[in-house]
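Here's a walk through a protein chain, strand by strand. Keep the viewer open and click along as you read.

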Amino acid sequence: MKKRLLFWLCLILAGMQAMAQTPTFPTNGVQDERPGRVAFTNATIVTDAQTTLEGATLLIQGGLIEAVGKNVKIPTGTQVIDLKGKRIYPSFVEVYAAYGMPEVKREARMGRGTAADGIQEKRGLRLESGRVTRSESR
């Protein structure tokens with residue numbers, strides 16, 4: 001009887017210890033876990049291809065859209081952000097995509113027949129048939 005009781009006690013304690021551990025791995029992707037409400041006011045909000053609201057309000061609570069419109073009642077304790085002259089579009093933004101971005105032109109790398117030759121000449125070195133030699137002009 002004592003062995004059985006000791007076994008269950010150890011099992012319960014081990015389970016409680018495992019549940020008390022906090023995750024140590026990072027959260028992948030873009031995360032915004034701010035609690036509370038945020039109201040974006042005085043914005044031009046495009047809700048779909050046919051509907052555009054001028055001077056409207058967008059109310060967000062807990063990461064979800066609560067209300068969109070011109071006569072949205074803003075509850076007390078809400079963080080209000082004035083977006084006069086700004087636009088809000090419905091979209092999903094893939095922050096890691098390069099689609100639609102201009103191609104980045106890379107600078108030429110230093111190697112044979114490039115600016116590296118001029119630098120080596122100033123140091124008194126010269127590249128001849130694959131070998132670096134001292135320049136006589138120093």
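Predicted model: local features only at pLDDT ≥ 70, side-chain atom pairs only at ≥ 80, totals over all residues.

**The overall layout**

Stepping back, the protein has 2 helices and 7 strands. Reading from the N terminus, the order is α-β-β-β-β-β-α-β-β. Of the 138 residues in the protein, 14% are buried. The accessible surface of the protein is about 12,700 Å², and carbon and sulfur atoms account for 56% of that. As for contacts in the protein between residues at least 6 apart in sequence, 36% link residues that are at least 24 apart.

Now back to β1, which covers residues 37-46. Is this strand mostly covered or mostly open? It's mostly covered, with 7 of its 10 residues buried.

Strand β2 (residues 52-61) runs antiparallel to β1, and 7 bridges join the two. A hairpin makes the link from β1 to β2, using 5 residues. Strand β4 (residues 79-82) also pairs with β1, this time running parallel, through 4 bridges.

If you'd like to check individual pairs in the viewer, A39 has L59 as its bridge partner in β2, and I45 faces L53, also in β2. Over in β4, I81 is the one opposite F40.

**From β2 on to β3**

β2 has a further pairing, with strand β3 (residues 64-69): the two are antiparallel and share 5 bridges. The hairpin of β2 and β3 has 2 residues between the strands, and G62 there takes a positive phi near 60 degrees.

Why does T57 count as buried? Because its relative accessible area is 7%, and the cut-off for buried is under 20%. Leaving aside neighbours within four places in sequence, T57 is in contact with A39, F40, T41, I45, A67, V68, G69, V72 and I74.

A67, one of those contacts of T57, lies in β3. Its relative accessible area is 24%, so A67 is partly exposed. Again leaving aside neighbours within four places in sequence, A67 is in contact with T57, L58, L59 and V72. The C-alpha atoms of A67 and A39 are separated by 9.3 Å, although the two residues are 28 apart along the chain.

**Q79 in β4**

Over in β4 you'll find Q79. This residue has 40% relative accessibility, so Q79 counts as partly exposed. Setting aside neighbours within four places in sequence, Q79 is in contact with R37, V38 and A39. From Q79 to L59, 20 residues away along the chain, the C-alpha separation is 9.7 Å.

Here are the accessibility values for a few residues, side by side, with L9 coming up next.

| Residue | Relative accessible area | Class |
|---|---|---|
| T57 | 7% | buried |
| A67 | 24% | partly exposed |
| Q79 | 40% | partly exposed |
| L9 | 48% | partly exposed |

**Helix α1**

L9 brings us to helix α1, residues 2-20. The helix has 19 residues and reaches 27 Å from its first C-alpha to its last, close to the 27 Å expected at 1.5 Å a residue. How many of those 19 residues are buried? The number is 0, so α1 lies largely in the open.

There is also a nonpolar surface patch to look for: L6, L9, I12, L13 and M16 make one of about 510 Å². An α-helix has 3.6 residues a turn, so residues three or four places apart point the same way. L9, one of the patch residues, is partly exposed because its relative accessible area is 48%, and the class for exposed begins over 50%.

Key. Residues numbered from 1 in each chain as written. Heavy atoms only, no water. Buried < 20%, exposed > 50% of the residue type's maximum accessible area, 1.4 Å probe, protein only. Contact = heavy atoms within 4.5 Å. Areas by Shrake-Rupley, 256 points an atom, 1.4 Å probe, with all protein chains shown as cover. Pairing = 2+ DSSP bridges. Patch = residues over 30% accessible without salt bridge, like charges linked within 9 Å, V, L, I, M, F, W, Y side chains within 5 Å. Salt bridge = Lys/Arg side-chain N within 4 Å of Asp/Glu carboxyl O. Expected span 1.5 Å × (residues − 1).
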